[in-house]
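User: I'd like to learn how to read a few features off a model like this one. Can you walk me through it?

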Amino acid sequence: MKKYFRPLVITSVVLIYLIIIAGAVVRMTGSGMGCPDWPKCFGYYIPPTDEAQIQWKANYEYEKGFIVILDEELRIATRDFSSTSAYNPDNWEPYTKHDYAKFNVWHTWIEYINRLVTVLSGIPILLMFILSLRFWKENRKIPIYAGITIIAMAFQAWLGKIVVDSNLLPLRITVHMLVAFIILAILLYVLFLTREKISSIKFGTTFKNILLFSTILTLIQVALGTQVRQYVDEQIKIVGEHTKSEWLSPPTFTFYIHRSFSILIVLINTWLLWYNKKMQLGISKLNWVIGLIGLEALTGILMYYFDFPFLSQPLHLVISSLLFGVQFYIILEVFKNKVIEA
């Protein structure tokens, strides 16, 4: 059964990236509140497809937890009951976790698909954990970190509920994204622990420290980018969805920091690539890093100077997550050996 373990880990990594992609699409389309409750959607396991389904109806069988929009407010059923010809307030109570009471079928189903991908990703991760127990005597780190992944996924699911309940509070969105990166890092570490080929190359202290610093900068960039995106969300509410030229007008101080950091990231990773070739270290993945940084810069330029072309926003985030994944795996390969002076 061990031969199925690595494919399960790889599948889990792919699904985590799908979650990040789905989350980026949710953010791009403003669908985060498409389902006002969690884990259900308007109290349903399968979300509504028409606004009539969430409006109060006479002579209808309601179940506890069903949500309707009445007088521009969310009301939740307190018990199972059959409605009569008149609305009875005793059967309902206000939904007080937030006051977002809108229905958009596209937003609802985009958010639902995002949640569905998250749930489906838990299946291979659970199977991965079960199979990891076979490695207990061989390498205990494998089942331990596989178990940590399960805990992290549960925490991420709970955090998703908190994000919805807070009506997309910016700080919680940022934490939600960073936790996805942490889960990705844990899975990559588990994958690394089961590698077959081990390189004998040793790396200097300077190279290691700069490589680690460049990866930390990527994480900082993601956090800053999330904050910039939140500003864009607020601007959209003010100027409208079709006035893209004003989404970053005026730019915030965070945006300028975000853009300046990109220059630093290019310089540092260019040095890493140069040093890698000079010393013949054989880290081919650094070419991927430079390519991904180039694509990241391109999508950033498109968003700022060409008014957010379609899919530029989710691509920007997905590329950054791919960049982090490659950088983190390089760190695992580089730090596997004892440190020697450069």
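User: Where does Ser-31 lie?

Analyst: Keep in mind that this is a predicted model. Ser-31 sits in the loop that runs between helix 1 (5-29) and strand 1 (61-62).

User: Is Ser-31 buried or exposed?

Analyst: The general idea is that a residue counts as buried when its relative accessible area is under 20%. Ser-31 comes out at 0% relative accessibility, so Ser-31 is buried.

User: What does Ser-31 touch?

Analyst: Leaving aside residues up to four places away in sequence, Ser-31 touches Val-26, His-107, Ile-110 and Glu-111. There's also a polar contact of 2.6 Å between the side chains of Ser-31 and Thr-29.

User: On to cysteines. How many disulfides are there?

Analyst: You look for a pair of cysteine sulfur atoms within 2.5 Å. By that rule the count is 1: Cys-35 is joined to Cys-41, with S to S at 2.1 Å. Both cysteines, Cys-35 and Cys-41, are buried.

User: Why is the disulfide of Cys-35 and Cys-41 called left-handed?

Analyst: Check the torsion about the S-S bond: for Cys-35 and Cys-41 that's about -85°, so the disulfide is left-handed.

User: And the surface? Which residues make the nonpolar patch?

Analyst: Leu-116, Leu-120, Ile-123, Leu-126, Leu-127 and Ile-130 make a nonpolar surface patch of about 530 Å². Take Leu-127, which is in helix 2 (residues 105-132).

User: Why does Leu-127 count as partly exposed?

Analyst: Partly exposed is the class between buried, under 20%, and exposed, over 50%. Leu-127 has 42% relative accessibility, so Leu-127 counts as partly exposed.

Conventions. Residues numbered from 1 in each chain as written. Predicted model: local features only at pLDDT ≥ 70, side-chain atom pairs only at ≥ 80, totals over all residues. Heavy atoms only, no water. Patch = residues over 30% accessible without salt bridge, like charges linked within 9 Å, V, L, I, M, F, W, Y side chains within 5 Å. Areas by Shrake-Rupley, 256 points an atom, 1.4 Å probe, with all protein chains shown as cover. Salt bridge = Lys/Arg side-chain N within 4 Å of Asp/Glu carboxyl O. Helix = DSSP H or I, 4+ residues; strand = E, 2+ residues; numbered from the N terminus. Buried < 20%, exposed > 50% of the residue type's maximum accessible area, 1.4 Å probe, protein only. Polar contact = N/O pair within 3.5 Å; in protein donor to acceptor, adjacent residues only side chain to side chain. Contact = heavy atoms within 4.5 Å.
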